[in-house]
Every structure is written in structure tokens, then in C-alpha cells.
Amino acid sequence: MKREHNAFKALFFKELRESFYRLIPVVFLALALILWAASAAYGLFHPASRGPFYEFYFDSWMLNAPVVIFLTCAILPAYAFAAERKRGGFETLKRFPTSTLTVVLAKISAILTFCAATLVFFVVSSFAIDLGLGLPASSTLLSQFLDDSGKPFTESAPHLFFCAFASFELLCWGAFWGMRIRRGALAITASVASACCVWALLGALFEPEIQRRLAEAPLFLTPFIAVGSGLANLFYHSFYIELRALFCLVPLYGIYRQCRRKGAATTFNLPS
């Protein structure tokens with residue numbers, strides 16, 4: 001038990017160091033996406049009398065947090081596991097007969113730590129924005145959950161659950177494919193494609209309106225419409241969440257099978 005604990009600590013901190021540099025471009029990508037979306041919304045829908053662009057952008061500052069977490073779960077797990085397979089395992093695995101389960105838990109724990117740190121960063125930075133703009137403390141944070149009259153948005157909790165559940169799906173598929181594919185880009189593509197296929201399938205099956213739109217839309221747009229429908233319908237149909245959870249059992253079972261390997265010959269040391 002002590003040996004596994006020591007190996008977990010070594011692997012966890014090693015993964016934190018390595019994944020930190022992978023997280024930086026993910027954060028910049030998320031900030032760029034939100035900035036682009038805010039610029040488009042500001043130009044199309046925002047009345048000029050309501051203030052400059054930076055105030056409009058910072059009003060949606062907390063939206064960066066779920067986007068960063070979503071992209072983190074889509075990219076980091078697949079790349080972390082694939083990179084480990086490509087180089088043939090940790091140095092720690094050569095010194096300790098470490099189980100695959102310990103490796104998986106260490107990597108997933110490091111990624112979840114980054115997700116928690118991302119959330120804390122944006123919460124803390126929202127107070128700095130309030131201070132810089134001369135707003136009451138927590139105005140930027142509460143603006144995501146309260147309307148102009150101070151009443152809570154009824155859809156805030158479902159939206160948070162929606163982001164968390166979709167991120168969990170990507171995390172599962174990322175770990176699943178990362179343990180089987182050596183190239184990080186291919187593992188990321190496979191994990192995102194697997195999740196999108198589930199969303200597209202359920203979106204096309206559960207929404208009659210989407211079925212009509214799919215029949216009328218150009219062929220190259222149909223996958224995007226189906227994926228969007230599958231993501232958005234999380235709370236609109238009975239047993240929809242349960243079906244999404246059942247599909248998650250596929251990668252989870254694959255991860256479990258790999259974790260049954262014991263000793264030094266883990267899945268990361270085996271040939272392709």
C-alpha cells in the first residue's frame with residue numbers, strides 16, 4: 001500500500017508538471033473563443049449606449065471557466081495517456097511494480113486538479129475585475145446567476161450540470177483512446193469524435209424537429225446540427241441523461257479492463 005501511495009504521489013506531481021504546459025494553449029484557445037463570440041454578439045446585438053466593449057466582455061467573464069474545463073477534458077486526458085504510451089512508460093514504473101490503476105488515477109487526478117484550479121482562478125479574477133471597473137464586489141460572478149432585477153436564473157443549475165456532464169464524457173473517452181493510441185492528435189480526435197457520435201445519434205433520435213431539419217439541411221451541416229441537438233437536449237426528454245450515462249460505460253469498461261493489469265508490465269509498457 002505504501003509503495004502504491006509513493007508511486008501515486010510521484011506520478012501525480014510529474015503529471016502536474018507536464019500537463020501544465022499543455023494547459024496553457026488550452027486556456028488561450030478558450031479565451032480566444034469567448035473573445036470571438038463576445039465580439040460577434042457585441043457587433044450584432046449590443047446597443048452602443050450600454051457601454052464599451054471591455055465592459056460587455058467582462059460581464060461574461062465567468063463563461064471562460066466552463067469552456068476551459070470543457071477543452072481541458074477534451075484534450076489533456078487523451079494527450080497525456082497517448083504520450084505515455086508513445087514513450088513506453090514512466091521511469092517510476094521501472095523502479096516500482098506500479099499497477100495501471102495507479103497510473104490512471106494519478107493522471108485523472110492531475111487533470112481534475114487543473115479543472116478545479118481553473119474554476120478558482122476565474123472566480124478570484126472576477127473580484128479583480130470588479131475592483132478594476134469600480135463595481136460592487138462579486139458583481140461579475142453573480143451576473144452569471146442573477147438577472148437585472150436580482151432574481152436567480154432558473155437555468156443556471158442545468159447549464160452548470162450540462163457543462164460538467166459533457167466534460168465528464170470527454171474525459172472518459174479521452175482516457176479510453178489515450179490508452180490505446182500512441183499519437184496524441186489521433187487520440188484527441190478519436191475521443192472528441194466518439195463523444196460527438198453519441199450526441200449526434202441521440203440528438204437525431206430524440207428530437208423530431210431536428211429530424212426534419214436534418215432532412216432539409218445541406219449534407220455538410222447535418223453532423224453539426226445533430227451534435228448540437230444532442231448536447232442541448234439534456235433535460236428535455238425522459239431517460240436522456242440515463243442513455244448518455246450508459247454510453248459512458250463503454251469507455252469506463254475499457255479503462256477498467258486495462259486497469260486489471262497488475263505489476264510492472266502495465267498498459268503503458270506493452271507493445272501496440
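Predicted model: local features only at pLDDT ≥ 70, side-chain atom pairs only at ≥ 80, totals over all residues.

1. Read from the N terminus, the elements simply go α-α-α-α-α-α-α-α-α-α-α.

2. On the chain as a whole, 41% of the 272 residues are buried. If you take the contacts with a separation of 6 or more, 74% of them join residues 24 or more positions apart.

3. Now the packing of α3 on α5. Helix α3 covers residues 64-87 and helix α5 covers residues 100-133; their axes come within 10 Å and cross at roughly 160°. Angles over 145 degrees count as roughly antiparallel, and that is why α3 is described as roughly antiparallel to α5. The crossing of α3 past α5 is right-handed.

4. Which residues of α3 and α5 make that contact? From α3 you have N64, A65, V68, I69, T72, C73, L76, P77, A80, F81 and E84. From α5 come V104, K107, I108, I111, C115, T118, L119 and F122. Sorted by class, the contact of α3 with α5 has 14 nonpolar, three polar and two charged residues.

5. Helix α5 also packs against α11, with the axes 8 Å apart and an angle of about 135°. The two helices are therefore oblique to each other. Here T100, L101 and V104 of α5 meet I255, Q258 and C259 of α11. By class, the contact of α5 with α11 divides into four nonpolar, two polar and no charged residues. Note that V104 is listed in the contact with α3 and again in the contact with α11.

6. C259 is worth a click while you are there. C259 sits in helix α11, which spans residues 240-259. Is C259 buried or exposed? C259 is buried, because its relative accessible area is 8% and the cut-off for buried is under 20%. Setting aside neighbours within four places in sequence, C259 is in contact with T100, L101 and V104.

7. A74 is another residue of helix α3, and A74 counts as buried at 6% relative accessibility. Beyond residues up to four places away in sequence, A74 touches L170, I188, S191 and V192. A74 and E169 are 95 residues apart in sequence, with a C-alpha to C-alpha distance of 8.8 Å.

8. Turning to the aromatics, the structure holds ten aromatic pairs. One of them is F8 with F12: the ring centres are 6.0 Å apart and the planes are at 10°, so the pair is stacked. F8 and F12 are four residues apart in helix α1 (residues 2-45), which means about one helical turn separates them. F8 is partly exposed, with a relative accessible area of 25%, whereas F12 is buried at 14%. F8 and F12 also belong to one aromatic cluster with F13.

9. F161 and F165 form an aromatic pair too, stacked at 5.8 Å centre to centre with 20° between the planes. Both lie in helix α7 (residues 156-178), four residues apart, about one turn of the helix. How do they differ in accessibility? F161 is partly exposed, with a relative accessible area of 37%, while F165 is buried at 12%.

10. Last one: F127, which is found in helix α5. F127 counts as partly exposed, at 38% relative accessibility. Leaving out residues up to four places away in sequence, F127 touches S138 and L141. The C-alpha atoms of F127 and L141 are separated by 7.6 Å, and the two residues are 14 apart along the chain.

How values were computed: Residues numbered from 1 in each chain as written. Heavy atoms only, no water. Axes fitted to C-alpha atoms, helices over the stretch in contact; angles between N-to-C directions. Parallel < 35°, antiparallel > 145°, perpendicular 65-115°, else oblique. Left-handed = near helix turned anticlockwise from the far one by under 90°. Contact = heavy atoms within 4.5 Å. Nonpolar A, V, L, I, M, F, W, Y, C, P; charged D, E, K, R; others polar. Phe/Tyr/Trp six-rings, centres within 6.5 Å; stacked < 30°, edge-to-face > 60°. Buried < 20%, exposed > 50% of the residue type's maximum accessible area, 1.4 Å probe, protein only.
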